[in-house]
Amino acid sequence: MEVCRATAFSWTHTISTSLHVSLPPSKWETKRLTVWCASDQTQKMTVSVTGATGFIGRRLVQRLHADNHSVHVLTRSRSKAELIFPVKDFPGIVIAEEPEWKDSIQGSTGVVNLAGMPISTRWTSEIKKEIKQSRVRVTSKVIDLINDLPDAVRPSVLVSATAVGYYGTSETRVFDEQSPSGNDYLAEVCREWEGTALKVNKDVRLALIRIGVVLGKDGGALAKMIPLFMVFAGGPLGSGKQWFSWIHLDDIVNLIYEALSNPSYKGVINGTAPNPVRFTEMCQHLGNVLGRPSWLPVPDFALKAVLGEGASVVLDGQRVLPLKAKELGFSFKYSYIKDALKAIMT
């Protein structure tokens, strides 16, 4: 089961233009009325994306390309990127391997950093080292490239992924952006990951998106769970009481997109839906949507036998609320998991 912590597309977008209408002066005062109106002319961005071939990255690139923005895919494998983004479907897209990253980032409007090795695997000491280093190394490289650029061609915004694992785990506590970090391995990874991103030039607006479990049909947690339910073998993992802080793929992509273009989006922003659920409830809703039972739990010892310490990814959870996104006025397309699952499966 691959869990991404680290996504019908909502293509609509508007920008505001200022129209100044001068009213005739009266003997009392002169007024200027500012009218904000929608325009279908958007400000085009050039966005460089690491992790573009991953679950969230693929959908983000599709969204940016559909809205006629220029996209630079920063990758370690040109051949893999070209398979995912064929030129016939993505004309004009730039695919850059590591030696070309500097040229791609130079002159970009913004950078989105999504790179990182999947965490849902058996954790050996080497795997744990790679989970951390895959995130820190790419983030450090991106930061160095941004910081070394002259002011005139430096991106104005960096949207960097991190994860709700920052908070540690709890069945009783509620976490928001002001909550302290936890003391487990994933919290340590997230602290170092975020700390690296915070070294970016202070003139670059930084948005750190702490992403929850991303739900979509073609990847992430559901891609592993749906086949089990279809053969009547789906059910809660462990006790089922662990919290499940989720977000629909469309909403995490929309949140990243908004963070690129809206200067109010800065600092830490939780990338989770407003209504987290316990894992048992999520499984019940998924079973109902699929017309399958969710009565067969997977016991702790079975997961630990397969995943070792990595079983903590699915056996432990945290209740995370997106207070900052709500304060910023972000509109979630899917606030309730029942609606999200229905949309994904229909």
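Leaving out residues up to four places away in sequence, isoleucine 131 touches Met117, Pro118, Ile119, Trp123 and Tyr185, where contact means heavy atoms within 4.5 Å. This is a predicted model, so to speak of local features takes a pLDDT of at least 70 and side-chain atom pairs count only at pLDDT 80 or more, while totals for chains, interfaces and linings use all residues. Residues are numbered from 1 along each chain as its sequence is written, and side-chain values use heavy atoms, with hydrogens and water left out.

Isoleucine 131 sits in helix H4 (residues 125–147); helices (H or I, at least four residues) and strands (E, at least two) are DSSP runs, numbered from the N terminus. Its relative accessibility is 0%, so isoleucine 131 counts as buried (under 20% relative accessible area; exposed is over 50%, partly exposed in between, with a 1.4 Å probe and protein chains only). Isoleucine 119, 12 residues away along the chain, has its C-alpha atom 6.5 Å from that of isoleucine 131.

Tyr185, one of the contacts of isoleucine 131, belongs to the buried residues of helix H5, along with Leu186, Ala187, Val189, Cys190, Trp193, Glu194, Thr196 and Ala197. H5 (residues 185–197) has 13 residues, which should span 18 Å at 1.5 Å a residue, and its end C-alpha atoms, 19 Å apart, agree with that; the expected span is 1.5 Å times one less than the number of residues.

Now for the cores. A nonpolar core is a set of buried Ala, Val, Leu, Ile, Met, Phe, Trp, Tyr and Cys residues joined through side-chain atoms within 4.5 Å. The largest has 66 residues, and Ile56, Val73, Val112, Leu158, Val159 and Ile252 touch the most other members. Helix H7 (residues 249–261) supplies the largest share of this core, 8 residues. A second, separate core holds 23 residues, including Met225, Trp246, Leu286 and Ile344.

Strand S9 (residues 205–211) has 7 of its 7 residues buried. On one side lie Arg205, Ala207, Ile209 and Ile211, on the other Leu206, Leu208 and Arg210, and both faces are covered. S9 pairs in the parallel sense with strand S7 (residues 157–163) over 7 bridges, pairing being called when DSSP finds at least two bridges between two strands. Here alanine 161 has isoleucine 209 as its bridge partner. S9 also runs parallel to strand S13 (residues 267–271), joined by 5 bridges, with isoleucine 211 opposite glycine 271.
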